[in-house]
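Please keep the sequence and the structure in view while reading.

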Amino acid sequence: MTDAEKIDRLCRTVEALQAQVQHLHDRMAVRDVAIRLARGDDRLDKDILFTAYADDAIDDHLGFCGNREEFFEWIWDSHKRSIETTLHHTTNQTCEFIDADTAITETYWIFTGPLLDGSNSIAFGRYLDRVERRPEGWRIAFRYATIDGCCNIPGAPIPFRWAPDRLANGVPSQTREDPSYRRPFVNLRERFVPPDGIDYDTVRDLATYSRGPHPAG
């Protein structure tokens with residue numbers, strides 16, 4: 001192999017690697033769009049949610065079909081009227097790149113949330129998205145959310161409510177007061193190890209037990 005052939009082969013290898021890196025970069029960016037939208041929805045954070053949509057996006061979402069501004073107003077109203085908090089879980093995702101700037105994705109989702117009546121809502125389906133590369137990055141241009149099943153199950157007390165200083169690191173919230181926004185993110189809680197043999201199903205007051213908090217040393 002001549003030097004010219006070696007250089008040509010090296011150049012083609014570099015080009016192939018560059019194409020693979022670009023594909024992986026785009027694939028991760030497309031995946032991150034779905035995750036950002038789920039977080040913006042759960043935190044009712046308009047700024048985060050809007051970074052997932054293109055300015056002219058349309059979302060066909062169960063009983064709703066409209067633009068991103070209308071979508072945010074709809075979830076704000078529906079969440080405040082009926083639900084304490086929401087958890088959108090995005091799981092399997094397939095991604096087909098139609099061209100360098102367009103991808104079609106199918107993302108499986110599971111929704112869980114405690115309702116104001118004490119029960120828990122569970123639903124599941126798929127997000128079918130057309131995601132486009134816009135000047136600001138990859139954004140959803142069209143979303144069709146299918147729902148393939150749902151149910152309600154009875155609620156139960158959240159465990160460990162009795163634990164001292166349990167929420168020192170933050171109270172979960174659908175606002176920017178949620179601990180996920182706190183910076184720096186460091187521990188604010190005193191060290192505590194629950195007593196041996198504790199009955200987690202019935203205990204409501206740690207003071208009923210003779211053993212107290214574990215020494216902090």
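Predicted model: local features only at pLDDT ≥ 70, side-chain atom pairs only at ≥ 80, totals over all residues.

Is Thr90 buried or exposed? Its relative accessibility is 17%, and because buried means under 20% relative accessible area, Thr90 counts as buried.

Which residues does Thr90 touch, if neighbours within four places in sequence are left aside? Its contacts are Arg31, Ala34, Ile35, Ala38, Thr107, Tyr108 and Tyr127.

## The sheet

Strand E3 belongs to an open sheet of six strands, arranged in the order E2-E1-E6-E5-E4-E3 with mixed pairing. The edges are formed by strand E2 (64–66) and by E3, each of which pairs on one side only. On average, neighbouring strands of this sheet are turned by 20° against each other, direction ignored.

Strands of a sheet pair through backbone hydrogen bonds, and they may do so in a parallel or an antiparallel manner. Strand E4 (residues 102–114) and strand E5 (residues 120–134) run antiparallel and are joined by 13 bridges. Within this pair, Thr102 stands opposite Glu132 in E5.

## Helices packed on the sheet

Helix H1, formed by residues 3–42, packs on the sheet. Helix H1 touches strand E1 (53–61), E3, E4, E5 and strand E6 (137–153), and its direction makes about 145° with that of E3.

Helix H3 (residues 68–82) also packs on the sheet, where it touches E1 and E2. The direction of helix H3 makes about 50° with that of E1.

Terms used
Residues numbered from 1 in each chain as written. Heavy atoms only, no water. Buried < 20%, exposed > 50% of the residue type's maximum accessible area, 1.4 Å probe, protein only. Contact = heavy atoms within 4.5 Å. Pairing = 2+ DSSP bridges. Helix = DSSP H or I, 4+ residues; strand = E, 2+ residues; numbered from the N terminus. Axes fitted to C-alpha atoms, helices over the stretch in contact; angles between N-to-C directions.
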